[in-house]
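Here is a short report for a first look at this protein. Begin with the sequence and the structure below.

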Amino acid sequence: MIVKIRERLLRAHQAPGRQLLYFLLLPSEIHAIARIDAGESVANIMRSFTHVVSRWVREAQTLRGPVLAGPCHMELIESEAALRSELRMLAWRPVRRMQCKVAAHYPHAALRILMGSKPGEGFDARPLRSVFGESKLEARDAIRRCIRRPPTEEEWRVWELMRGLELPVTHVGSEPAKAVSKPLDAFAATLIVAGGSLRIDDALRVLEQWVIAKIHPSHSIDLHKGHSMVAVRGRALVACLAASHRLCSAASVARHFGRAKATLSEQMKACRARAEDRLIIATPLARILEESQALRTPDGQPRYRVFKRS
C-alpha cells in the first residue's frame with residue numbers, strides 16, 4: 001500500500017506546473033514539499049490524491065467513512081531558510097514518530113534518495129539538491145549539515161501546532177476543554193509552548209506575568225480579581241497582545257478573566273490610544289518570551305522585577 005501511495009503522489013506532480021521536491025510517508029501522516037505554478041490549485045492536487053488513496057485503503061481494509069480524518073494543511077514556504085528548516089524537521093519526523101532511530105534510515109522518504117543511498121524510482125532529487133549545492137557531493141554535504149542537529153522538544157511542539165498535528169485547547173474555570181480547530185501561526189504556537197502545555201489559558205498567563213512586570217513591578221496584582229485601574233489596564237493589555245499575536249480572540253480573553261467582552265473591548269481601545277501602551281503592545285514576541293523566562297524562579301514560580309524600557 002505504501003508503494004502505491006508513493007507512486008500516486010509522484011504521478012500527482014508530473015503535470016506541467018508541478019514539481020515534487022520532497023516527500024515523507026508515515027503510517028498516520030503524509031508530507032510533501034512542492035513547487036506549484038500560480039495557475040495550479042494545491043487544493044485540487046491534494047483532493048485528487050487523497051480521494052484515490054482513501055479508496056485504496058477502504059478496499060484493502062473494508063472500511064467505511066473518512067480514511068484521512070485530519071484536515072489537509074497547506075503552508076507557503078517563503079524563503080530558502082524556511083525550506084532548509086522544513087527539510088530538517090521532516091528528516092527527523094520518523095524518529096519523532098518512533099518509526100526508526102536514525103533519520104537517514106527511514107525508507108519511505110526522499111531523504112535517502114537525496115543522500116544517494118537509494119535509487120529515485122521515479123523521484124527526481126536534483127531540484128532540491130540544487131538548493132544546497134551545484135554538485136551532488138557539495139549538496140549532500142550541505143544536507144548533512146542541515147539535518148545534523150535533531151529538533152528540540154520546544155521546536156517539535158511549535159512545528160506540530162503550526163501544522164495542526166497538535167491542537168491547543170481552551171479551558172476556562174469549570175467549562176469543558178475545547179480544541180482549537182485550526183493550526184496556529186508561529187507567534188501563537190510559540191506562546192502556547194512557552195505556557196508549558198497545550199492550553200491557551202497557560203499561554204495567557206505568560207502574558208499576564210509579563211504585563212504585570214511592565215505596569216506594576218513593585219508587587220503582584222491579580223488581574224482576575226482586581227478592580228483597580230491598574231488591573232483594568234493590565235487585562236486590556238493582555239487582550240491586545242493576545243489579539244496582535246493571534247493567540248486567541250478578545251472574547252476568549254474576556255472568558256479567561258471572567259469579564260464582559262464588550263467592556264474588555266472598550267478597555268482595549270483605550271489602551272491602543274495611549275502612547276505608552278502602544279509601545280508595550282508593539283514589543284516583539286522574542287523579547288516578551290525572554291523577559292518572561294527571567295520572571296520565573298528555578299521552581300517555575302513567578303518573580304517580579306523592573307524592566308527598563310529601551
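Start at helix H1, residues 2-12. Its buried residues are Ile 5, Arg 6, Arg 8, Leu 9, Leu 10 and Ala 12. These residues pack against strand S1 (18-25) and strand S2 (30-36). They also pack against helix H2 (42-61) and helix H4 (111-114).

Now step back to the whole chain. This is a predicted model. The protein has 310 residues, and 43% of them count as buried. Its secondary structure comes to 14 helices and four strands. Take the contacts between residues at least 6 apart in sequence: 60% of them join residues at least 24 apart.

How confident is the predictor? The mean pLDDT of the protein is 87. Of its residues, 90% reach 70 or more. Among the elements, H3 has the highest mean pLDDT, 96. Strand S4 (residues 178-179) has the lowest, 62. Over residues 303-310 the pLDDT is below 50. That stretch still has 24 contacts in the model beyond near neighbours in sequence. Where pLDDT is low, the predicted coordinates should not be read in detail.

The largest nonpolar core holds 42 residues. Which of them touch the most other members? They are Tyr 22, Phe 23, Leu 87, Phe 123, Leu 128 and Phe 132. The elements giving two or more residues to this core are H1, S1, H2, H3, H4, H5, helix H6 (136-147) and helix H7 (153-162). Leu 128 touches Leu 21, Tyr 22, Leu 83, Leu 87 and Leu 114, leaving aside residues up to four places away in sequence. A second, separate core has 40 residues, including Leu 207, Ile 221, Ala 236 and Leu 237.

Finally, the backbone. Most residues other than glycine have a negative phi. Met 98 has a positive value, and Glu 121 has a positive value too. Met 98 lies in the loop between helix H3 (80-96) and H4. Glu 121 is found in the loop between H4 and helix H5 (126-132). Are these residues buried or exposed? Met 98 is exposed, and so is Glu 121. The table gives the values.

| Residue | Phi | Relative accessible area |
|---|---|---|
| Met 98 | near 60° | 73% |
| Glu 121 | near 50° | 54% |

Definitions and conventions. Residues numbered from 1 in each chain as written. Predicted model: local features only at pLDDT ≥ 70, side-chain atom pairs only at ≥ 80, totals over all residues. Heavy atoms only, no water. Buried < 20%, exposed > 50% of the residue type's maximum accessible area, 1.4 Å probe, protein only. Contact = heavy atoms within 4.5 Å. pLDDT = per-residue confidence, 0-100. Core = buried A, V, L, I, M, F, W, Y, C linked by side-chain atoms within 4.5 Å.
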